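Reader: I am new to this structure. Could you walk me through its pockets and one of its residues?

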Amino acid sequence: MARLIHLNGLSRVGKSTLARRYANEHPGTLALDLDVLAGLIGGWQENFFAALELARGHGRELATRHLRHGHDVILPQLVTVHDRDPDPAFEAAARAAGATYLEVALLIDDREHLRRVRDKRPINAVEARLQAVLEDPDSGLIDRIRGHLDEYLAKRPHAIRLDTTGAGEDESYARLLEALDAT
């Protein structure tokens, strides 16, 4: 049975990296990065969150079609209590396609998370824009997002929680595969 694997977690925790690696090692899997899709929508620079909402709608349609054809979808996307169109819409899309929905929360301690944010080198314009916002010391954005994610995950008892603190890409990926194999 096809699976929609949602990798949730803070920005710069490794969601997209692990999603790309998973797709590369599992032929037919779609790595559906909604931030990249949002960057393809005109006007994203002026209103990223409006573009992201459009990307989520397109992403659900794309995911549903891919799942219906029997292929996995891996979705690296931060979802918190303050998302207007939260991830249960993707969960419903998976069910409608006859697929399994799995949510994996990639967790990290505060100190290492801040180090990863500072060390991140953006690979595209969307990442560069998000990086600038995250690095603004006056915004308090990282702390707010962390609180919003914690609040969201408290209501998601079935989400698999993977601590990636101190783990590099290889170890984090091995932990992800182990968790997915256990389901």
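Here are a few questions and answers about a residue and the pockets.

Author: This is a predicted model, where local features need pLDDT of at least 70, side-chain atom pairs count only at pLDDT 80 or more, and totals for chains, interfaces and linings use all residues. Residues are numbered from 1 along each chain as its sequence is written, and side-chain values use heavy atoms, with hydrogens and water left out.

Reader: Is Q77 buried or exposed?

Author: Buried means under 20% relative accessible area, exposed over 50% and partly exposed in between, with a 1.4 Å probe and protein chains only. The relative accessible area of Q77 is 5%, so Q77 is buried.

Reader: What is the volume of the largest pocket?

Author: On a 1 Å grid over the protein atoms alone, a pocket is an open set of points where a 1.4 Å probe fits, with protein on both sides within 12 Å along at least five of seven lines; lining residues have an atom within 4 Å of a point. Grid points are joined across faces, edges and corners, and a volume is the space filled by probe spheres set on the points. For the largest pocket that space is about 1200 Å³.

Reader: Which element gives the most to the lining of the largest pocket?

Author: Helices here are DSSP runs (H or I, at least four residues), numbered from the N terminus. Several supply at least two lining residues each, including α1 (15-25) and α3 (48-68). With six residues, the one that gives the most is α6.
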